[in-house]
Each structure stands twice: as C-alpha cells, then as structure tokens.
Amino acid sequence: MNILWDADKYKQNFSFVHQYGSGVMELIDFAQAKTAIDLGCGNGALTAVLKEKGLSVTGLDASPEQLLIARQMYPEIPFIQADATDFCLAEPVDLVFSNAVFHWIDRDRQSHMLQCVARALHPGGQFVFEMGGLGCVAKIHSALKGAFASFGYSYEIPNYFPGIGEYAPMVEQAGMRVKTALLFDRFTELKGPDGMYDWIEMFVKRPFAEIKEETVREKIKHQAVDALRPDLFINGTWFADYVRLRMKAVK
C-alpha cells in the first residue's frame, strides 16, 4: 500500500466506499463459501457484512490506524495487520474478498498480491473484488497535474487503474480463472461543500510529498478545486468521476 490513512476522517467523510462495496458482494456464491478473508478490510465495515451473511471471516489490512477502529467497532471479528502483497494464511479459505484496495498497490507489486491470493484459496475458491479501473478520477488527476505544473512541479497519478484487458490476464497468470469482469462509471457524490478539497486531502498524498512549502501545497489544491468546479460541482454538490473494475475469479 502506498498511502497512510487518516482513519477517523475516512470513516466520517468517505463511508460511501464501503457502502458501494455491498454491490460487489452480489458476485459471491455464499452457498459455496464458509471461510473468508477481507483483504484490505479498512475499518471492518464490509468484514462485518460478510460475517452477518454467515461466513467465518478474518480482516487483513496494513494500516494500524484503520485496524484500531475495526477492532473497536467489531470486537467479535479477528483482524490481522498484514501486507496484501506478502501474506500467508495458516489455512486456505473459500473466499478472498476485497473492495477499493488494489488500486493502491503499485503496478510492480500486483503479481505478488495475486499470487498471495491464489495461495490463500482452496481449489475452487472464489476471488471477488472491486478496484479503481481505467479512467478512474481522470478529471481530478488532470486538474491536479495542471495545478502542479503551474508551480513548476511534475505530477504522477498515485494509483494503478487497469482495464479488463490488462488485469484479467494477470489474475489468470496467478492461477485463477476469470468468470466475470466489468468496467463501469460510477459518478460519486462527495460529502459537504468542501467535498472535492477533502477528497484531495484524503486520497492524494504521495504527489504532495516533494513540495515542502505548505502554502504552495494549499494553493495547488485550491487551484485544482477551482478548475474542477465547472464539471464536478453540480447543483451545490461535489462529485468524483470514479470508474470501477469489478471481477470474480475461481482458483
């Protein structure tokens, strides 16, 4: 994972992430699953949903801040701190589930993560996930790139957003057979009058690390917000131009 989370603000302002995650669960064959891991479980909201659906589930996440909240909210569920690109289970499971996580893993670590997933599954086990897909928040990153350039800085998107044609072969090379693959737009409402600024604050950290002056960082954020206002501030509400990649594979 290439980001450090403000877990409290994430829970307060970006609950839509796990709320949308309930949709990807429709791909799970619960009749064929008794044990599961929620890979990149965050604050445990979706881990709890999996438990409510009858699964013996464990949450895995690299963020101690997120896991602290998860353990406080759901003390009956085991949560383990682990790196999605380097984990090993004591016993294989029937389901590996993940929502809104894999786009935070750098491209050159994706194969490591997928190999860990394959090792974690029983033969016939299900791998069900959703992540940012090709074109995700393209307008936001374009505005940030322009704002960075105006102050003499380069900008690189801090995420990996693949399309189906790129990612499905990677899943299959790890030893799983892709059964469902969808790439779709999800225009997503942000919370509050400063929703776009708050989104940038939460999700775009690495590109700002090279800028030492706080005043410059703030000017860049506000310039990007202003540039996005005509397209993404609609009737008094901010939106993010999300694109999601949703897949199901079987080992």
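Six bridges connect strand 4 with strand 5 (residues 121-132), and the two run parallel. Welcome to this predicted model, in which local features need pLDDT of at least 70, side-chain atom pairs count only at pLDDT 80 or more, and totals for chains, interfaces and linings use all residues. Residues are numbered from 1 along each chain as its sequence is written, and side-chain values use heavy atoms, with hydrogens and water left out. Helices (H or I, at least four residues) and strands (E, at least two) are DSSP runs, numbered from the N terminus.

**Strand 4 and its neighbours**

- Strand 4 (residues 93-99) is largely enclosed by the rest of the structure, because seven of its seven residues are buried; buried means under 20% relative accessible area, exposed over 50%, and partly exposed in between (1.4 Å probe, protein chains only).
- Strand 1 (residues 35-39) pairs with strand 4 in the parallel sense over three bridges, where pairing requires that DSSP finds at least two bridges between two strands.
- Isoleucine 37 has valine 96 in strand 4 as its bridge partner, while phenylalanine 97 stands opposite valine 128 in strand 5.
- Together, strand 4, helix 5 (residues 110-120) and strand 5 make a right-handed β-α-β unit; right-handed means that, with the strands pointing away from the viewer, the path from the first strand over the helix to the second runs clockwise.

- Glutamate 130 counts as buried at 1% relative accessibility, and arginine 244 counts as buried at 6%.

- Glutamate 201 and lysine 221 meet through their side chains in a salt bridge (2.3 Å, N to O).
- Glutamate 201 lies in helix 8 (residues 195-203) and lysine 221 in helix 9 (residues 214-232), so this pair ties together parts that are 20 residues apart in sequence.
- Glutamate 201 is partly exposed at 30% relative accessible area, whereas lysine 221 is buried at 8%.
- Within helix 9, glutamate 214 and arginine 217 lie three residues apart, about one turn of the helix, and their salt bridge has its closest N and O atoms 2.2 Å apart.

How values were computed. A salt bridge is a side-chain nitrogen of Lys or Arg within 4 Å of a carboxyl oxygen of Asp or Glu.
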